Amino acid sequence: MADVSRWDWEIGTKAIPFDAWKADFAWVEEPYVSPDGERIAAVVNLDDAQFSVCVNGRAWEGVFDKAWYLRFSHDGRLSALVSEDGEWTVAVDGETWPERYGYVWNTLFSADGARVAVAAQQDMAYAMVLDGVMWENRFANMTHFAISPDGRHTAATVQVKETGEADIARFQAGCYSVAVDGDAWDSVFTNVWNLAFSPDGAHLAAEVRQGLYDYTIAVDGRPWERCFSSVWQPVFHPVSGAVIAPVRLEGQWTVAADGAPIWPRRFVQVWHQQVSPDGQRLAAIVSPRYGYWTLAVDGVPWRTTVNEMVMDLRFSPDGRRLAAAAKHDGRWTLLVDDRLWSQRFDQIRPPVFSPDGRLVAAVVETEGRFGLVVDDRRLPQSYEALWQPVFSPDGTRVLVRGIEKGTYRRQVLAVDQLLA
Amino acid sequence: MAQPAKSEAKQIVDNGIEKGAAGLTEDRIQAVINRVIKGESGARLKVYVDTCVHCGLCSEACHYYLSHDKDPRYSPVAKVKQTLWEMIRRKGRVSVDFMRRAAEIVHTECNLCKRCAMYCPFGIDIAYLMMVVRRIVHLLGMTPQYIQDTAHSHAAVSNQMWVKPDEWPDTLQWQEEEARGEIPTLRIPLEKEGADIMYSVIGPEPKFQAQLIYQAAVIMDVAGVNWTMPATAGWDNSDMAMFTGDNEVMGRIKREHYETAARLRVRRIVMGECGHAFRSVYDVGNRWLGWRIPPIPIIHAIEFYHELLTAGKIRVAKKFKTPVTIHDPCNVVRGGGLHRMARDLAHALCEEVVEMYPNCEHNYCCCAGGGVINCGPPWKNKRIEGNRVKADQLADAKIRGAKVLIAPCHNCHSGLEDINHAYELGLDIKFFGDIIYEVMEKPEA
Ligand code: SF4
Ligand code: SF4
């Protein structure tokens, strides 16, 4: 991850007028803010089919026929997908990659943000491109893109055999595989979905279907011996290296590791499983009874449930606390350590723990206004737009990035004052 | 009105059904049937089977029965008798030929339209029973070829039409560019987190009917809606896997659809004019996953357009002159109760609305729904013959002045085109979106 300690953590505010840009361009699209809060950027239109990217009020030199999917990487690199004369490439901080492609999409970043990958189509063949270098092997189709955390490897589900028009037998026999850095596994499957790299990037696991009914997880091309009636995306255990995935057995879901169910209890649904950073606990979003949702830790569901949806499960950095966005009777709130916050909102963003896990914060939206809530206390300030808060490494300060009255503000606030 | 030539009574060969039948044993059939009946289908199946008194009151409901001069084989209850009852009576021990015929009945002689459920004194849902048999057919690998191929497409690329992952955003950008010829500042905002609305469509729109996306974009733009479309999988709300009984793929694609909307943090999803997708997103697919109600609210285009007009966000510049009639799609009318809203909309947009009868929740199915049209060319004539009553109904509306047929559902649209053509009805078939686009106030280019 980016070195957060090097950011400016001085208490104070920096302001950048954002709405003022509108005078300089035909139109300004929705803004994006760098992780450190120092820059605000948007795709801007200059004239008919002339687009650029404006950062802190200054447009990139390049002008493109189209520009979209503006995204900051974790270390603050700003990328966009851009097109000139019908060809596409990636622009990073205003510099375009030298190669042009038929199409590029689905930008991915390494965990430290230093490496950028996209899916690309060239002459109706598909490959991943990492920092401007395309795989040598191209494929007839490509889905489910992945980059390893260290950014050295890219992978995707690829079609390795011709399917033929409505040739259902051929499809079921298997035409898909996984390519890592362009090299396809030897094995083929009917389907391959949702790839996961191991933390060191050396292994790759994916959901596979063999024929129409047998679902399992394949690791480096080898399927688990046991099949299930369905599976969801696997994850690697950060310490043991075991591959862990939700599996469906006799109409109910549980969690399996390396092919064997490990949670004795069955659920109506289990997904988004996650291992705590210290490797000690395994949590997942579960439905313990039809229509009700909560989290389960090591197979034991929490008592508090909501009746619509749970998402964005997050562990605290020390692995001891757990929070997730939860929707009940049409309103969102946070589910933290088996308790719901007292307040309800129209919308909520993923929870953010302080580095010591003591505090949990979330951006919320009510009637089109955004606010920050810390430990169930809503801070008085409200915003037109608000990005995820970031705690300083020592947990004493919080970076708040928001727009109000057309001005973007980067604010560093003292946590104890906030909560006083 | 012309009559389409009756297809000869010869057996239609479907490669999908035959592929499954090859090598099938009665032991396997029995094991699968018993697994589904005992393991997957609970009290609902038992209640329906135990309650039916074989009175046949459901017969008059079914367009297949009526279109085949009341041939009792096409009566709803007869379809159960020829399939599920027999399976239960014989404890699952049925022959391969029996299963061939069962696959044909449940996939090509029932649209799962639920009209019969309204005629049954006990409300028995024959469509549900047909779905149970489709599940058995799926697990035996006997699903008709073309709809199986569609289910494969859902599984491989998360959409119904083998649209590749780059073709989707590329098509949206192309439509955006086209529409800028008309409204220079128009956007189709892709991946815009926090928009109010995610607009989702079905596979055929980017594949064959990109102008529908164009029109929707113009409507959104003029109405000032804060909307977005995903650039990733999850954009397609359709679901033929639901109709093949491939519940696992159905669940997978519904999850992707809702989680895409959740990822984009939209308030709600607006879906285009599709009927079966509506059934999948608000009833069948979500529930298979454990979501009792849609986790992100979702509304059909009829509701959305109604809302825009009522709120004055779009205004009618000049009403549509040509007299229209309205087809009520089963899934959004019997299934979703949107027939009144559809009429309000039609009256607000058009000068003259000619009702066809029976209408609203009693309307006849288009005979394309329930995945029947997706069974493809081998079954096309059978499908058209199976809906003579619809042709009669349309011809009657035409005699009373209707020239345009509004069908706010993709399957209905395609199925009615076939009926229109085969029975030489000469109607012009449109979506509500086509009419709104034509009559609405738009800024001068
Ligand atoms: S087509 Fe409709 S009316 Fe006929 S049996 Fe099927 S669900 Fe019932
Ligand atoms: S109307 Fe109902 S009870 Fe009578 S035969 Fe039909 S399904 Fe059975």
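I count a residue as near a molecule if one of its heavy atoms lies within 4 Å of it. I keep in mind that this is a predicted model.

**Entry 1: ligand 1**

I looked up the residues around ligand 1.

Cys counts as nonpolar here, and Lys counts as charged.

Where does ligand 1 sit? I found it in the second largest cavity.

**Entry 2: ligand 2**

How many residues surround ligand 2? I noted 13. The closest are Cys52(B), Cys55(B), Gly56(B), Cys58(B) and Cys120(B).

The shell around ligand 2 has 11 nonpolar and 2 polar residues. It has no charged residues.

**Entry 3: a sheet in chain B**

I turned to the strands. Strands of a sheet pair through backbone hydrogen bonds, either parallel or antiparallel. Which sense does the pairing take in the sheet E5-E6-E7 of chain B? The pairing is parallel, and the 3 strands form an open sheet.

I marked strand E5 (324–326) and strand E7 (428–430) of chain B as the edge strands. Each of them pairs on one side only. The twist averages 30 degrees from one strand to the next.

Then I followed one pair. E5(B) runs parallel to strand E6 (residues 404–406) of chain B, with 3 bridges between them. For Val324(B), I found the bridge partner Val404(B) in E6(B).

Conventions:
Residues are numbered from 1 along each chain as its sequence is written. Chains are lettered from A and ligands numbered from 1 in the order in which they are written. This is a predicted model: local features need pLDDT of at least 70, side-chain atom pairs count only at pLDDT 80 or more; totals for chains, interfaces and linings use all residues. Side-chain values use heavy atoms; hydrogens and water are left out. On a 1 Å grid over the protein atoms alone, a cavity is a set of points where a 1.4 Å probe fits but cannot get out, and a pocket is an open set with protein on both sides within 12 Å along at least five of seven lines; lining residues have an atom within 4 Å of a point. A molecule sits in a cavity or pocket if more than half of its atoms lie within 2 Å of its grid points. Two strands pair if DSSP finds at least two bridges between them. Helices (H or I, at least four residues) and strands (E, at least two) are DSSP runs, numbered from the N terminus. Axes are lines fitted to C-alpha atoms, for helices over the stretch in contact, and angles run from 0 to 180 degrees between N-to-C directions.
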